Amino acid sequence: MRKNSIKNIRINSEVQRELSNIIRTEVKDPRIHPMTSVVAVSVAPDLKYCKAYVSVLGDENAARETLEGLRNAVGYIRRALAGSLNLRNTPEITFVLDQSIEYGVHMTRLIDEVVGTEPEILEETPERESED
C-alpha cells in the first residue's frame, strides 16, 4: 500500500476520529487538558506505526503535561483503538505536539500589528490616472 493511497487516507481519517473520541471520552488522566484535539494522524503503510499530531489550547505547561499524560496512557489508548477499529494490526502510537495553530495565530497578530501601525503607507500610494 502506497503512502498516499485512498486506503491509507481513509485509515488515517478513521484513526484520527477514533483517537480524538477516545481521548475526549475515555481517558481520565487529569494531566490531559480538556481542550486537546487530534489535528492529524499519519499511519505507516504497513499499519505498524502511527504519529498522532495533537494540539492543546492553553499555555506551554498545559501542552507539556498533556503530552506526558498521553504518552503514559498510550497502552490504554492503543487497546481502546484496537477495540473500536477492525484493522489487521493496531499501530504503535506516537504523540507529537502540533503548534501550527499557535504559529498561525502568532503570524496573524504580527500582520495585524504591521497593518495597524502603518496605514498611512497604504493611503499614500498614488493611483494611476487613466489616459484617454
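## Salt bridges and surface patches in a predicted chain

Author: Let's start with a network: salt bridges link Asp29, Arg31 and Glu68. A salt bridge here is a side-chain nitrogen of Lys or Arg within 4 Å of a carboxyl oxygen of Asp or Glu.

Reader: Before that, what kind of model is this, and which pLDDT cut-offs apply?

Author: It's a predicted model, where local features need pLDDT of at least 70, side-chain atom pairs count only at pLDDT 80 or more, and totals for chains, interfaces and linings use all residues. Residues are numbered from 1 along each chain as its sequence is written, and side-chain values use heavy atoms, with hydrogens and water left out.

Reader: How many salt bridges does the count come to?

Author: The count comes to 3. Another one of them joins the side chains of Glu14 and Arg17, at 2.2 Å, N to O.

Reader: Where do Glu14 and Arg17 lie?

Author: Both lie in helix α1 (residues 6-25), 3 residues apart, which is about one turn of the helix. Glu14 is partly exposed at 30% relative accessible area, and Arg17 is partly exposed at 48%.

Reader: Let's zoom out. How many helices and strands are there in the chain?

Author: There are 5 helices and 3 strands, following the pattern α-β-β-α-α-β-α-α along the sequence. Helices (H or I, at least four residues) and strands (E, at least two) are DSSP runs, numbered from the N terminus.

Reader: And what percentage of the residues is buried?

Author: Buried residues make up 29% of the 132 residues in the chain. As for contacts (heavy atoms within 4.5 Å), take those with a separation of 6 or more: residues 24 or more positions apart account for 64% of them.

Reader: What does Ser55 touch, not counting residues up to four places away in sequence?

Author: Met35, Thr36, Ser37, Val39, Asp98 and Ile101. Val39 is in strand β1, and Val39 counts as partly exposed at 32% relative accessibility.

Reader: Which residues make the nonpolar surface patch?

Author: Val39, Ile101 and Val105 make that patch, about 220 Å². Patches are made of residues with over 30% relative accessible area and no salt bridge; like charges are joined within 9 Å, and nonpolar side chains (Val, Leu, Ile, Met, Phe, Trp, Tyr) within 5 Å. Accessible areas come from the Shrake-Rupley method with a 1.4 Å probe, and for residues only the protein chains shown count as cover.

Reader: Now the charged ones. Which residues form the positive patch?

Author: Lys7, Arg10, Lys48 and Arg88 form it. Arg10 is in helix α1 and is exposed, with a relative accessible area of 53%.

Reader: And the negative patch, which residues are in that?

Author: Asp59, Glu60, Glu65 and Glu102. Asp59 lies in the loop between β2 (49-56) and α2 (60-72), and Asp59 counts as partly exposed at 49% relative accessibility. The place of a charge is NZ of Lys, CZ of Arg, CG of Asp or CD of Glu.

Reader: Last one: where is Val74, and what is Val74 in contact with beyond its neighbours within four places in sequence?

Author: Val74 is in helix α3 (residues 74-84), and those contacts are Ile93 and Phe95. Val74 and Thr94 are 20 residues apart in sequence and 8.1 Å apart in space, C-alpha to C-alpha.

Key: Buried means under 20% relative accessible area, exposed over 50%, partly exposed in between (1.4 Å probe, protein chains only). Lys and Arg count as positive and Asp and Glu as negative; His and the chain ends are not counted.
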